[in-house]
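This briefing is meant for a reader meeting the structure for the first time. Please keep the sequence and the 3D view at hand while going through the points below.

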Amino acid sequence: MKILVSALEPSSNLHLKEVLKHTQNVELMGIFDKSIANGTPLYDISEMAIMGVVDAIKKLRWFFKVADEMVELARDMDKVLLMDSSGFNLPLAKKLKTAYPDKEILYYILPQIWASRPKRAIKLEKYCDRLLGILPFEVDYYPQGKAEYVGHPLLDEIDVSYDNASNTIAFMPGSRKSEIGRLLPIFKEVREKLPQNKALLIIPASFSEEKIASLYGDISMFDISRDTHSALTESEFAFICSGTATLEAALIGVPFTLAYIAKKVDFFIGTKLLGIKQVGLANIILSNYNNTTLHNEILQEEVTVDNLLKEYYNTDREIFAQKAEELRIYLEHGSSQNVAEIIMQP
């Protein structure tokens, strides 16, 4: 079976690798990580990366060219698999469905229409045949019923168990330059106030030594880990920037607090105009499940050394463990095998 794949994000490619473990005789073409052995990509994901609005505008014409190449490539494909990255994949879905009305298009890792721009649901159902959601509540946002919950990929990818016997604290200041620049100086001060603890600074595995030196400065006060799951497993508490890492920590079971400082204009748009009430993905999921939350969210000017220390000392570990278990129960199971079975259907 030949599958046209558009997976632009590193996280999407991790999920794709898990799906491929459950498939047979599948050949991939399109855009995906060159390390995936099932095919040779038309473009590797490193070529698709953009940094900011200016870079996106500069590459806009090139992205149109890539989309046209993908449509041409789809001519000989049996199915299409689009993953995340709706800014590119949703217009691509329209081009593909227009060119090949009878070709099945699957969309896995759906856009967060529950957070903003809910009208995208109309386009997704118009141009895609099956919408494979990874959050139980998000399928309710699709009026035609094309969305189905397949499970969450992190439940396939987290194969560690939490051991709360250590005195290690993990610090995750994010992966973007702006996030690291705002949070890391505060995290360094927190670390100095907890000399009795071992401190792990979790750095993305993809970062080069040159990039680390440029972004982080002096980090001699930390031990360094490049493996998020193992680092969280051996930690008794974590301070985490927003993102998927908060859900990873929740599913592993390590108590944590979210600390996040956004640009003031972005925070205003998100909270006042879009009505976003929670930043942490685990909190968003639990709020939709049973109207509760898992962890505190320390945001903007509230991100201070004193407030973060209070979180470390005052977080109720037993309640956290109970809510984390509720989260796992709600998500039920992994998604990889279910997605593979859908792909393999004739």
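Which residues does Glu 104 touch, not counting residues up to four places away in sequence? Glu 104 touches Lys 79, Val 80, Asp 129 and Arg 130, where contact means heavy atoms within 4.5 Å.

The model is a predicted one, in which local features need pLDDT of at least 70 and side-chain atom pairs count only at pLDDT 80 or more, while totals for chains, interfaces and linings use all residues. Residues are numbered from 1 along each chain as its sequence is written, and side-chain values use heavy atoms, with hydrogens and water left out.

- Glu 104 lies in strand β4, which covers residues 104–108; helices (H or I, at least four residues) and strands (E, at least two) are DSSP runs, numbered from the N terminus.
- Because its relative accessibility is 22%, Glu 104 counts as partly exposed, a class that falls between buried (under 20% relative accessible area) and exposed (over 50%), with a 1.4 Å probe and protein chains only.
- The side chains of Glu 104 and Lys 79 are joined by a polar contact of 3.1 Å, meaning a pair of N or O atoms within 3.5 Å, of which, within protein, one must be able to donate a hydrogen and the other to accept it, and residues adjacent in sequence count only if both atoms are side-chain atoms.
- From Glu 104 to Thr 293 there are 189 residues in sequence and 38 Å in space, taken C-alpha to C-alpha.

- Helix α3 (residues 60–73) packs with helix α4 (residues 86–99) at an angle of about 40 degrees, their axes being 10 Å apart; axes are lines fitted to C-alpha atoms, for helices over the stretch in contact, and angles run from 0 to 180 degrees between N-to-C directions.
- That angle makes α3 oblique to α4, since angles under 35 degrees count as roughly parallel, over 145 as roughly antiparallel, 65 to 115 as roughly perpendicular and the rest as oblique.
- Among the residues making this contact are Phe 63, Val 66 and Met 70 of α3, together with Phe 88, Leu 92 and Leu 96 of α4.
- In helix α5 (residues 120–127), the buried residues are Arg 120, Ala 121, Leu 124, Glu 125 and Tyr 127, and what covers them includes α4, β4, β5 (130–133) and β6 (147–149).

**Loop residues**

- Asp 84, in the loop between β3 (79–83) and α4, has a phi near 55 degrees, which is a positive value in a residue other than glycine, and with 25% relative accessibility Asp 84 counts as partly exposed.
- Arg 117, in the loop between β4 and α5, is not a glycine but has a positive phi of about 50 degrees, and with 58% relative accessibility Arg 117 counts as exposed.
- Ser 206 sits in the loop between β8 (198–202) and α8 (209–216) and, at 67% relative accessibility, counts as exposed.

**Asn 283**

- Asn 283 belongs to helix α12 (residues 281–290) and is buried, with a relative accessible area of 1%.
- The side chain of Asn 283 reaches the backbone nitrogen of Leu 294 at 2.7 Å.
- Leaving out residues up to four places away in sequence, Asn 283 touches Gln 278, Thr 292, Thr 293, Leu 294, His 295 and Glu 297.
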